[in-house]
Amino acid sequence: MIERGILYVVDPAANCIRQQVLTMLKYLNRARYKPYLVVSEDAYLIEHARKLNVDYITNPGISTASKINIGGICRSIEQFVAERKINLIHSHGIQACFVAANLAKSLNVAHISTVHLIDDSHKKKGLFSVGTDKILAMADHLIAVSEVVKASIDSISDNITLIYNGIEADRFAETLDSEQLFRELGIEKGSSLIGVITTLEPGKGTDVFLDAASLLAGLREDMRFVVVGDGPELEALKKKSFSLGIGKRTYFLGFRRDVAHILKSLDAVVIPNLSPGLPIILLEALASSKPVIVTDVPGVREAVSESEVEFVPVKDPIAIDKAVRKILSQRMVAGTKAQEGQKLVKDRFSVQQMMKPTESLYLKLAK
C-alpha cells in the first residue's frame, strides 16, 4: 500500500484547533498516511506529538507571518521536509493557511485548510498583512467544521467540504472518578458545582457566566462555580468575581488536561458563547452525559435541539440562572436530556465520522 506524507501546518490560536489536530494525528490511518507536524509553538500539542511518534518542528514565525517574512519561514520548513516525502499539506488556522499556501506552491503539492472559526481579525493588520478571504482563497480545498462557517466562506472558494469535528465520545462516556474535583478543591461531595470550560478571551461570554453565578449564589450555601481555561481575560474575570461577591466560591483552574474528569464532577455545564460556531466543549459535555446550557448562537442548532440542551439568549445572565435552577430542580428531566445528548454525539460526531471524509480528501488530492 502506498504511504502518503501529510504535513500538518498549525497555529493553535484556539483550543478547538489544538484538540482537533491532536485527534487527527492520533487516528490517522498510518498504513496509508505518515503525518508530520509544523507548529507555531504549543507545549501541549508538541508533547502529544512526541507520544504519537510524529516528526515535528516548531516555527514561531507562523503566528506573525506576513508578505515580508514568508520567504524565510518557508525556507526553514523546507529544510525540515527536504528528506521527507510530502504529498499534501493540511493547515489549521488562518496564519497557518497563509504559510502552508506558500509552502505548497514551493513544494508543488496540494493544500487543504480547515476553517474552524469565523474570524475577521486578519482583515486589517497592517501594510504587509493579507486579508482573511485572500488567504483562504489560496488553498486548493477548504474544510468547514459547521454550516455557519461554510456559509461565511462560500463566496471564497468552489471547493469546500463540510466535515464536522469529531471527538473521542467513548472516552468522555467512560465511568470516571466523579469526586476528583471535590477532593482537589477541598469541598464536600454533594455541593453543587456549575462550570464553564473555555478560553478566557472576548466572545466567550465568561463574564456573563459570572453575572449568572452571582444570582445563583443565593440558591444554596454550598453552590460553587468552576472556570476552566486560560487567556487574556483571566485577571479581569478574577477581579469581577470578587466584585460580584462570589470570589471565594469561584475556582479558576486554568488550562487543564483532565477535562473529562472535571466534567464528571459538574452538575451543569454552561456555554455562554457570544460568537457563532459549534463549540467542541458542547460535544464533550454531551458525550459525558452532562446537562448543558448553551447560548443560542448560529451554528449550535446544527448539532443539538431542545431535546438535548437548554438554550438561552446571548448575554442573558438571568436566563442562565433560570436554566440552572430548572436543571437542579428537575434532575430526572435533565438526566433524560443528557442521555439523549450523549447518544447524539456518539451517532453523529465520532472520530470516525470526521476521519473518513478527511482521508477521502487526502486520497483525492495527494500526489
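Which residues point one way from β4, which point the other way, and are they buried or exposed? The notes below begin with the basis of the model and then take up that strand.

1. **Basis.** The model is predicted, so that local features need pLDDT of at least 70 and side-chain atom pairs count only at pLDDT 80 or more, whereas totals for chains, interfaces and linings use all residues. Residues are numbered from 1 along each chain as its sequence is written, and side-chain values use heavy atoms, with hydrogens and water left out. Helices (H or I, at least four residues) and strands (E, at least two) are DSSP runs, numbered from the N terminus.

2. **Strand β4.** Leu88, His90 and His92 point one way from β4, Ile89 and Ser91 point the other way, and all are buried, where buried means under 20% relative accessible area, exposed over 50% and partly exposed in between, with a 1.4 Å probe and protein chains only. Since five of the five residues of β4 (residues 88-92) are buried, the strand is largely enclosed by the rest of the structure.

3. **Partners of β4.** Strand β1 (residues 4-10) pairs with β4 in the parallel sense over five bridges, and Ile6 stands opposite Leu88 in β4; two strands are taken to pair if DSSP finds at least two bridges between them. Strand β5 (residues 110-115) also runs parallel to β4, to which five bridges join it, and the partner of His90 in β5 is Ile112. Together β4, helix α4 (residues 94-107) and β5 make a right-handed β-α-β unit, meaning that, with the strands pointing away from the viewer, the path from the first strand over the helix to the second runs clockwise.

4. **The seven-stranded sheet.** An open sheet is formed by seven strands in the order β3-β2-β1-β4-β5-β6-β7, with parallel pairing. At its edges stand β3 (55-58) and β7 (160-162), each with a single partner strand, so one side of each is left without a neighbour in the sheet. Neighbouring strands of this sheet are turned by 20° against each other on average, direction ignored; angles run from 0 to 180 degrees between N-to-C directions, and axes are lines fitted to C-alpha atoms, for helices over the stretch in contact.

5. Seven bridges join β1 to the parallel strand β2 (residues 33-39), and Leu7 stands opposite Tyr36 in β2. Helix α2 packs on the sheet, touching β1, β2 and β3, and its direction makes about 155° with that of β2; contact here means heavy atoms within 4.5 Å. Helix α3 (residues 70-81) lies across β1, β2 and β3, running at about 160° to β3.

6. **Helix α1 with α2.** The axes of α1 (residues 15-27) and α2 (residues 43-51) come within 10 Å and cross at roughly 5°, and the two helices are therefore roughly parallel to each other; angles under 35 degrees count as roughly parallel, over 145 as roughly antiparallel, 65 to 115 as roughly perpendicular and the rest as oblique. Arg18, Gln19, Val21 and Leu22 in α1 meet Tyr44, Leu45 and His48 in α2. The residues of this contact divide into four nonpolar, two polar and one charged, with Ala, Val, Leu, Ile, Met, Phe, Trp, Tyr, Cys and Pro counted as nonpolar, Asp, Glu, Lys and Arg as charged, and the others, Gly among them, as polar.

7. **Helix α1 with α15.** The axes of α1 and α15 (residues 351-365) come within 11 Å and cross at roughly 75°, which makes α1 roughly perpendicular to α15. Gln20, Thr23, Met24 and Tyr27 of α1 make the contact with Val351, Met354, Met355, Thr358, Glu359 and Tyr362 of α15, and these residues divide into six nonpolar, three polar and one charged.

8. **The six-stranded sheet.** Six strands form an open sheet in the order β10-β9-β8-β11-β12-β13, and the pairing is parallel. Its edges are β10 (250-254) and β13 (310-312), each with a single partner strand, so one side of each is left without a neighbour in the sheet. The twist averages 20° from one strand to the next.

9. **Two serines.** Ser265, found in helix α11 (residues 259-265), counts as buried at 4% relative accessibility. Ser152, which lies in helix α6 (residues 147-153), is partly exposed, with a relative accessible area of 34%.
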